[in-house]
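Biologist: I would like to learn how to read a protein model, one feature at a time. Could we go through this one together?

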Amino acid sequence: MIRFEPREHVSPLRRIAAPVIAAVAALAVASLAIAAAGAPVLEAYGLMAKGAFGSAFAMSELLARATPLIFTGLAAAVAFRAKLWNIGGEGQLYAGALAAVAVGTGALALPGPLLIPTVILAGALAGGLLMLIPALLKVRLGADEVVTTLLLNFVVILFVQMMLEGPMKDPMGMGWPQSEPMLDEAMLPKLMDRMRVHAGLILALVAALGVHIVLKRTVWGFETRAVGENPEAARHAGIPVTATFLRVALLSGGLAGLAGVGEVAGLKGYLTADLSPGFGYAGIVVAMLAGLSPVGVVVAALFIAGIFVGADSMSRAIGVSNYLADLVVATSLICVLVSGLFVRFKVRFVRVGTGKGAA
Amino acid sequence: MTVPVEAPPVALSLSGITKRFGALTANEAVDLDLHRGEIVALLGENGAGKTTLMNILFGHYVADEGNVRVAQADGTLVPLEPGSPHAALEAGIGMVHQHFTLAENLTVLENIMLGTAALFSTGGGARAAREKLDDLMRRSGLVVDLDARISRLSVGEKQRVEILKALYRDARVLVLDEPTAVLTPQESDTLFETLKALAAQGLAIVFISHKLAEVLAASDRIAVLRLGRKVADLPSVDCDRQKLAELMVGHEVTMSRREPQASGEVLLSLSAVTCGEGRDTVSDIGFDLHAGEILGIAGVSGNGQAMLARLLSGLEQQTSGDIRLAGREIRAHDAADMIRAGVARIPEDRHRDGVVGAMSVAENLVIEEIRSPRYQRFGFLDFRAIAARAVEAIAGYDIRCPGGDAVARLLSGGNIQKIVLARTLDAEPSVVLAAQPSRGLDIGATGDVHRRLLEARGRGAGVILISEDLDELFALSDRIAVIHRGRLSPPRPAEDLNRAAVGLMMAGQHTEDAAA
């Protein structure tokens with residue numbers, strides 16, 4: 001029989017080692033798939049590493065890919081801290097992108113230095129307000145936010161498709177369902193010449209630092225942690241539990257909205273319905289790998305981005321499908337959840353019932 | 001083993017039982033013999049290892065060392081298979097848990113037969129069972145309606161069903177874990193009468209308790225556990241309260257005393273207040289709380305006192321009626337309003353409502369005032385002020401913990417309660433609501449709680465003490481009211497009441513006759 005005994009103290013080392021081991025375990029599991037595809041495992045991982053870190057171009061791709069993941073990872077981490085299960089990062093990302101494009105394609109005649117902050121603010125606001133809907137349904141009617149946020153993703157993506165086929169369709173787009181391009185003054189500057197990494201990365205890092213400070217050092221963060229850890233005690237102690245949930249929802253949705261802003265205003269310049277390859281969902285994995293720590297989110301986002309970028313490059317070189325990246329990401333979520341069990345509990349194997357029968 | 005000729009034969013023998021949970025030693029080399037026809041009280045504070053020991057006996061846990069032997073029908077002792085409740089049942093050990101293990105939607109008869117009847121039995125089994133139970137009820141005096149659904153029975157009746165269930169399985173040893181925790185004083189007396197009758201018929205009985213009065217009254221022998229060790233095993237006639245208390249705690253005990261004191265103006269006044277629906281309600285209750293008095297509210301758990309506490313804590317609002325605090329009407333209030341109005345609230349379930357277990361001791365000490373300028377500036381936490389407050393409260397209230405940064409969950413119940421006391425009482429509240437403040441605490445921590453409540457009273461605060469423990473109520477209260485099915489009797493001076501009268505009122509007897 002296996003028994004789980006809770007640990008009284010969890011050492012910081014164990015806390016940090018757990019996600020690292022989980023990531024390695026995920027790569028080990030994925031190597032079975034590589035071997036099954038008939039490719040040499042070590043060479044494949046070597047190519048992945050090279051594709052993710054091997055050159056300035058690779059690094060730029062890595063950072064560009066990590067940018068939205070930092071935002072969606074922060075969105076999930078903030079919400080999960082309050083035990084508000086926001087699975088709607090994907091929808092909020094699209095809402096943010098839609099708002100950024102709506103503002104950034106010339107609807108507002110503002111000079112550049114004012115236009116960019118407006119675009120950013122509009123995207124954040126759109127994501128935040130979208131998340132407010134399920135949060136209100138939760139606090140007013142008790143509707144499970146896992147269901148409502150998840151389903152809202154589909155509503156939002158269909159709405160975006162409708163807009164791209166209709167009012168926002170680019171007349172010069174050769175019939176493709178895409179928005180008009182954003183004004184050059186509305187675009188986030190590139191960080192390096194002829195590379196894709198853009199100022200959204202800076203914004204993401206500032207956001208991570210900001211969230212860290214809010215959670216650790218402010219009354220809001222204190223209240224968020226209290227509500228997340230024990231809502232009954234928080235309410236008894238006079239903490240406004242409903243207001244805290246709504247605040248967290250606004251912040252979480254806003255962060256996911258910024259991921260959408262970065263993708264349209266930093267990279268593509270226009271909106272399509274396939275803007276995100278699931279950044280919203282991958283953000284959940286990022287947050288879990290990070291143990292819901294905002295600083296950890298940055299590290300975890302780099303890892304997940306590395307897997308995606310590396311797998312693309314590897315698949316071009318030796319022909320293993322880049323679905324491998326999804327496999328690694330999904331497996332690492334499972335591994336990190338299992339590792340959480342080992343962090344919190346001691347596992348003991350005990351023999352039971354070996355005594356002599358009571359004859 | 002040689003048994004003295006005059007002593008009745010041993011029914012059960014525990015020897016050298018040791019059980020560790022990680023670093024904690026719950027039982028250490030405990031020996032206990034139980035004879036036929038004897039009632040033994042297992043006395044000890046919370047965490048002394050009483051329940052662990054009985055769980056080993058019943059096979060829920062496996063002891064690390066030592067063994068359990070049970071007498072066969074012919075009197076020979078054979079080892080009991082460890083870790084098997086089934087073997088314990090087979091060997092004639094019956095256990096009545098503190099939380100009953102009955103299926104609410106089945107009848108008494110069905111519950112008793114559950115687990116003993118064959119899967120596809122015919123009606124014959126039920127008829128035989130009924131006959132056997134009728135006989136058992138006649139001999140034991142434990143009478144219940146076999147066809148009643150469990151959900152319709154009172155707590156006392158449910159406990160009778162549990163005992164009958166054990167007897168039906170031919171128990172020769174009966175173990176009861178805190179059997180009086182949910183009973184009125186009268187129900188407790190009836191229970192002990194029954195247990196004495198059963199012992200006289202040869203049953204060996206162990207009951208776990210931390211209440212000195214009932215242990216002295218009801219047992220033949222008292223075994224005291226302290227920190228996992230058996231520190232005494234004495235005939236009950238050789239014991240008194242003071243001696244037992246000292247054995248339990250390990251040092252001398254001084255009890256707090258209430259000095260007479262004149263009470264002042266009305267601080268809190270309720271009139272015709274109704275709140276809640278379903279089982280846990282208060283309906284049409286009213287009382288005045290004066291400055292400098294402790295108003296005790298007695299009642300068996302589940303009669304509306306939890307709702308009254310939630311109402312006064314700001315977690316519920318009244319549906320009708322008036323609440324006035326220092327003359328000002330209170331309506332649509334929340335917890336923050338009550339804190340601001342100077343109401344200190346000590347919640348009944350301190351782990352659920354009292355502290356955020358995952359946060360630190362320091363954070364839990366300031367959580368009610370986190371928005372006050374004392375602990376924040378422009379929304380940023382003042383860590384220095386928070387740490388200073390923690391140092392002050394840890395020293396002032398003797399909170400045993402590694403420091404302000406320690407996670408609150410790791411503290412003992414008594415120290416968690418001290419966090420709550422420090423947080424609420426240091427703000428010099430005008431009204432104190434203490435709901436079951438000493439439940440589950442050891443004697444030392446209980447003494448601290450009582451001292452703090454009396455201090456608040458001495459300072460001129462009005463204290464509402466909700467408790468099920470009559471000893472506590474009589475020791476502290478100036479006036480006592482009884483809550484039964486959501487209705488509150490008019491408070492009477494404690495001097496005009498006695499335990500029997502309050503006990504009858506707790507059971508729903510009309511207040512006028514009871515107080516006579």
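Modeller: Let's begin at the start of α17(B), where a side-chain oxygen of N498(B) comes to within 3.2 Å of the backbone nitrogen of A500(B). Keep in mind as we go that this is a predicted model.

Biologist: Which residues of helix α17 of chain B are buried?

Modeller: Helix α17 covers residues 499-506 of chain B, and its buried residues are A501(B), V502(B), G503(B), M505(B) and M506(B). Just after α17(B) comes G508(B), which has a positive phi of about 95°.

Biologist: Now a loop, please. Where does Q436(B) lie?

Modeller: Look between β19 (431-435) and α15 (443-458) of chain B: Q436(B) is in the loop there.

Biologist: And why does Q436(B) count as buried?

Modeller: The general idea is a cut-off: a residue is called buried under 20% relative accessible area. Q436(B) counts as buried because its relative accessibility is 4%. A polar atom of its side chain lies 3.3 Å from the backbone nitrogen of E468(B). Once neighbours within four places in sequence are left aside, the contacts of Q436(B) are Q305(B), E348(B), R350(B), I466(B), S467(B) and E468(B).

Biologist: Let's turn to charged side chains. How many salt bridges are there over all chains?

Modeller: The rule counts 40 salt bridges over all chains. Take R247(A) and E223(A), whose closest N and O atoms are 3.1 Å apart. R247(A) sits in helix α10 (residues 241-268) of chain A and E223(A) in helix α8 (residues 219-229) of chain A, so this pair ties together parts 24 residues apart in sequence.

Biologist: Are these two partners buried or exposed?

Modeller: R247(A) is buried, with a relative accessible area of 17%. E223(A) is buried too, with a relative accessible area of 1%.

Biologist: Which residue meets K418(B) in a salt bridge?

Modeller: That is D448(B), with an N to O distance of 3.7 Å. This pair links distant parts of the chain, as D448(B) is in helix α15 of chain B and K418(B) in helix α14 (residues 413-425) of chain B, 30 residues apart. D448(B) counts as partly exposed at 21% relative accessibility, whereas K418(B) counts as buried at 9%.

Biologist: What else does D448(B) pair with?

Modeller: D448(B) also forms a salt bridge with R451(B), where the closest N and O atoms are 3.4 Å apart. Both residues lie in helix α15 of chain B, 3 residues apart, which is about one turn of the helix. R451(B) is partly exposed, at 37% relative accessibility. Through shared partners, salt bridges join K418(B), D448(B), R451(B), R452(B) and E455(B) into one network.

Biologist: Next, the meeting of the two chains. How many residues of each chain are in contact?

Modeller: On chain B, 33 residues are in contact with 28 residues of chain A. The two chains bury about 2,700 Å² between them, with 62% of it on carbon and sulfur atoms.

Biologist: What polar links cross this interface?

Modeller: The rule finds 2 salt bridges across the interface of chain B and chain A, and 9 residue pairs in polar contact. R225(A) and E363(B) meet through their side chains in a salt bridge of 3.0 Å, N to O. On the side of chain B that touches chain A, α11(B) gives the most, with 4 residues.

Biologist: Last, the nonpolar core. Which residues touch the most other members of the largest one?

Modeller: That core has 161 residues, and the ones touching the most other members are V119(A), L271(A), V432(B) and L453(B). Helix α3 (residues 56-81) of chain A gives the most to this core, with 12 residues. From chain B, domain 3 and domain 4 each supply at least three residues. Leaving aside neighbours within four places in sequence, V119(A) has contacts that include A100(A), V103(A), M182(A) and V261(A). Apart from this core lies another, of 49 residues, among them V144(B), L174(B), L198(B) and A245(B).

Biologist: And how far apart are the centres of domain 2 and domain 4 of chain B?

Modeller: Taken over C-alpha atoms, those centres are 50 Å apart. Domain 2 spans 97-171 and domain 4 spans 360-423.

Definitions and conventions. Residues are numbered from 1 along each chain as its sequence is written. Chains are lettered from A and ligands numbered from 1 in the order in which they are written. This is a predicted model: local features need pLDDT of at least 70, side-chain atom pairs count only at pLDDT 80 or more; totals for chains, interfaces and linings use all residues. Side-chain values use heavy atoms; hydrogens and water are left out. A nonpolar core is a set of buried Ala, Val, Leu, Ile, Met, Phe, Trp, Tyr and Cys residues joined through side-chain atoms within 4.5 Å. Buried means under 20% relative accessible area, exposed over 50%, partly exposed in between (1.4 Å probe, protein chains only). Helices (H or I, at least four residues) and strands (E, at least two) are DSSP runs, numbered from the N terminus. Domain bounds come from an automatic or database domain assignment. Contact means heavy atoms within 4.5 Å. Buried area is the accessible area (1.4 Å probe) that two parts lose on being put together, summed over both. A salt bridge is a side-chain nitrogen of Lys or Arg within 4 Å of a carboxyl oxygen of Asp or Glu. A polar contact is a pair of N or O atoms within 3.5 Å; within protein, one must be able to donate a hydrogen and the other to accept it, and residues adjacent in sequence count only if both atoms are side-chain atoms.
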